[in-house]
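Colleague: I have a model open and want to learn how to read it. Could you take me through some features, one at a time?

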Amino acid sequence: MHIKRLTTFTSSVALLALAACGSIDRVSNIGKAPEMTPIKDIKAPLAQRSISLPMPITEPARHQANSLWRTGARAFFKDQRANRVGDILTVNIAIADNAQIGNTTTRARTTAENAGLTNFLGFEQKLQNLLHGSVPIDPTTGLPVTPDPRPSVTAGSLVDADSTTSYNGTGTVNRSEAINMTVAAIVTDVLPNGNMVIQGRQEVRVNFEKRELLLAGIVRPEDISSSNTIAHTQIAEARISYGGKGQITDVQQPRYGTQLYDIVFPF
């Protein structure tokens with residue numbers, strides 16, 4: 001009895017362990033927003049700390065007598081576009097994503113197996129004793145029990161097995177997201193090819209609810225308009241995060257115990 005209970009308990013623990021193994025990442029992310037992929041070899045802004053403002057390099061002014069052209073200028077007049085570390089660039093974010101996905105899966109399989117041993121050098125006659133043991137002996141008479149209580153064995157149909165499985169699965173995704181915002185980003189680095197790394201952070205707090213926008217990526221100087229603005233679609237390796245913190249957001253989130261239960265419970 002104790003062995004059966006121990007076996008049942010061990011099986012239950014094994015099932016819970018199997019269910020939790022595939023969801024260990026979800027357990028570690030309880031109460032946290034999904035992490036964003038960092039830009040390789042470039043320091044992206046972290047949501048947990050403030051942005052440290054980079055200090056631009058001081059360049060000595062070079063004056064040339066009787067010349068209106070400035071050394072290093074990209075235009076005759078002064079260029080107001082961001083081009084150095086510490087400059088500010090305006091980013092227009094207009095995201096309107098729509099996705100509709102539908103999948104239907106149907107699977108069916110039928111299997112039948114039949115095997116027999118009609119003749120095999122006369123050994124097929126001993127299958128009765130091999131499968132069910134010898135004929136039982138009557139203890140009172142010492143003779144074999146008659147009629148033979150053992151199940152009869154037919155050598156021509158020793159194995160007869162069949163199985164049928166079927167599976168139907170349907171999944172649909174209907175997603176729609178829209179974000180329209182404008183944020184000022186700071187140039188944090190200038191790459192050797194002239195491309196600039198930008199990052200920006202914007203926080204708005206109303207009463208006890210805070211909205212936070214984070215942005216990071218790489219832009220080309222050629223994509224910056226004359227008004228020193230750029231669209232989010234022209235940012236390479238863009239990382240855009242928009243979310244909230246506060247009492248309302250906290251109430252909308254399930255409790256940690258509920259999230260853990262939904263992840264670990266296998267049924």
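Colleague: Is Val 91 buried or exposed?

Modeller: Go by relative accessible area: under 20% is buried, over 50% exposed, and partly exposed lies in between (1.4 Å probe, protein chains only). Val 91 counts as buried because its relative accessibility is 0%. One caution: this is a predicted model, where local features need pLDDT of at least 70 and side-chain atom pairs count only at pLDDT 80 or more, while totals for chains, interfaces and linings use all residues. Residues are numbered from 1 along each chain as its sequence is written, and side-chain values use heavy atoms, with hydrogens and water left out.

Colleague: Which residues does Val 91 touch?

Modeller: Contact means heavy atoms within 4.5 Å. Leaving aside residues up to four places away in sequence, Val 91 touches Met 181, Thr 182, Val 183, Ala 185, Ile 198, Leu 215, Ile 230, His 232 and Ile 235. Val 91 itself sits in strand β1, residues 88-115. Strands (E, at least two residues) and helices (H or I, at least four) are DSSP runs, numbered from the N terminus.

Colleague: How far is Val 91 from Thr 229 in sequence and in space?

Modeller: They are 138 residues apart in sequence, yet 5.7 Å apart in space, C-alpha to C-alpha. Thr 229 belongs to strand β5. Among the residues Thr 229 touches are Leu 89, Thr 90 and Asn 92.

Colleague: Which polar contacts does the side chain of Thr 229 make?

Modeller: A polar contact is a pair of N or O atoms within 3.5 Å; within protein, one must be able to donate a hydrogen and the other to accept it, and residues adjacent in sequence count only if both atoms are side-chain atoms. The Thr 229 side chain has one with the side chain of Ser 225, at 2.7 Å. Another goes to the side chain of Ser 227, at 3.2 Å.

Colleague: Now charges. How many salt bridges are there?

Modeller: Side chains of opposite charge can pair when their charged atoms come close. The rule asks for a side-chain nitrogen of Lys or Arg within 4 Å of a carboxyl oxygen of Asp or Glu. By that rule the count is seven. Glu 212 and Arg 201 form one of them, at 2.6 Å from N to O. This pair links distant parts of the chain: Glu 212 is in strand β4 and Arg 201 in strand β3 (residues 196-206), eleven residues apart. Glu 212 is buried at 9% relative accessibility, while Arg 201 is partly exposed at 23%.

Colleague: Which residues join that pair in a network?

Modeller: The network of salt bridges links Arg 201, Glu 203, Lys 210 and Glu 212. Lys 210 bridges to Glu 203, with the closest N and O atoms 4.0 Å apart. Elsewhere, Asp 223 and Arg 220 meet in a salt bridge at 2.9 Å, N to O. Asp 223 is buried at 19%, and Arg 220 is partly exposed at 43%.

Colleague: Where is Glu 222, and is it buried or exposed?

Modeller: Glu 222 lies in the loop between β4 (209-219) and β5 (229-231). Its relative accessible area is 60%, so Glu 222 is exposed.

Colleague: Last, the whole chain. What pattern does it follow?

Modeller: Along the sequence it runs α-α-β-α-β-β-β-β-β-α-α. That gives five helices and six strands. Of the 267 residues, 19% are buried.
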